[in-house]
Amino acid sequence: MTCIFCRIVAGEAPARIVLADEHVLAFHDIRPAAPVHVLVVPRAHVASLWELDDRRLAGHLLFAASEVARLCGLERGFRVIANARHDGGQEVDHLHLHVLGGKRLGRMLAPL
Ligand code: 5GP
Ligand code: ZN
């Protein structure tokens, strides 16, 4: 198995797990971009949001992101990001939501 997030889901690669249920796994990002930086991934391999065809799984992922925010004490605020495919800057081709918080996050969207 070459997909690193599949390997983490299978317990074959280490990760600091935050939350686990039958559909999703959440673990700390290895190179955090904020004091709290957690990745939420489906247990099943889906390459990106482009390939996602399961509405229930979409709901599980987003709900898990909200659970991660509560578990990590992000009541002051947080951001959820999904990079998709080349132009979206996706580096790991297993769908994941980034949950970022623990500091005031800078503006991400600027006018063209
Ligand atoms: P992307 O750019 O695909 O949206 O984000 C991929 C994220 O996965 C990056 O923030 C990167 O630091 C993280 N990452 C890559 N490899 C590993 C790993 O082996 N373990 C963990 N915990 N995070 C990883
Ligand atoms: Zn995978």
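Mentor: A residue is called buried when its relative accessible area is under 20%, exposed when over 50%, and partly exposed in between, using a 1.4 Å probe and protein chains only. Please keep in mind that this is a predicted model, in which local features need pLDDT of at least 70 and side-chain atom pairs count only at pLDDT 80 or more, while totals for chains, interfaces and linings use all residues. Side-chain values use heavy atoms, with hydrogens and water left out, residues are numbered from 1 along each chain as its sequence is written, and chains are lettered from A and ligands numbered from 1 in the order in which they are written.

Trainee: Is Arg 85 buried, exposed or partly exposed, and in which element does Arg 85 lie?

Mentor: Helices (H or I, at least four residues) and strands (E, at least two) are DSSP runs numbered from the N terminus. Arg 85 lies in helix H3, and Arg 85 counts as partly exposed because its relative accessibility is 42%. Most residues other than glycine have a negative phi. Arg 85, however, has a positive phi, near 60°.

Trainee: Which protein atoms are the donors of the zinc ion (ligand 2)?

Mentor: Donors are N, O and S atoms within 2.8 Å of the metal (3.2 Å for Na, K and Ca), and sites may look incomplete because water is not among the atoms. Here the protein donors are Cys 3 (SG), Cys 6 (SG), His 45 (ND1) and His 94 (ND1), at 2.0 to 2.3 Å from the zinc ion (ligand 2). Along the chain these donors follow the spacing C-x2-C-x38-H-x48-H. Distant parts of the chain are linked in this way, with Cys 3 in the segment before helix H1 (4–9) and His 45 in the loop between strand E3 (36–42) and helix H2 (55–71), 42 residues apart. Cys 3 is buried, because its relative accessibility is 15%, whereas His 45, at 44%, is partly exposed.

Trainee: What geometry does the site of the zinc ion (ligand 2) have?

Mentor: Four donors count as tetrahedral if all angles lie between 85 and 135 degrees. The ideal angle for four tetrahedral donors is 109.5 degrees. In this site the angles among the 4 donor atoms are 104 to 118°, and the site is tetrahedral.

Trainee: Which residues does His 96 touch, and what lies close to a polar atom of its side chain?

Mentor: Contact means heavy atoms within 4.5 Å, while a polar contact is a pair of N or O atoms within 3.5 Å, where, within protein, one must be able to donate a hydrogen and the other to accept it, and residues adjacent in sequence count only if both atoms are side-chain atoms. His 96, in the loop between helix H3 (85–88) and strand E5 (97–101), is buried because its relative accessible area is 6%. Leaving out residues up to four places away in sequence, His 96 touches Phe 5, Leu 39, Val 40, Val 41, Ile 81, Ala 82 and Gln 90. A polar atom of its side chain lies 2.6 Å from the backbone oxygen of His 94.

Trainee: Where is His 37, and what backbone atom lies 2.9 Å from a polar atom of its side chain?

Mentor: His 37 is in strand E3 and is buried, because its relative accessibility is 6%. The backbone atom is the nitrogen of Ala 33. Beyond four places in sequence, the contacts of His 37 include Phe 27, Asp 29 and His 98.

Methods. Four donors count as tetrahedral if all angles lie between 85 and 135 degrees; four count as square planar and six as octahedral if opposite donors are over 155 degrees apart and all others between 65 and 115; anything else is irregular.
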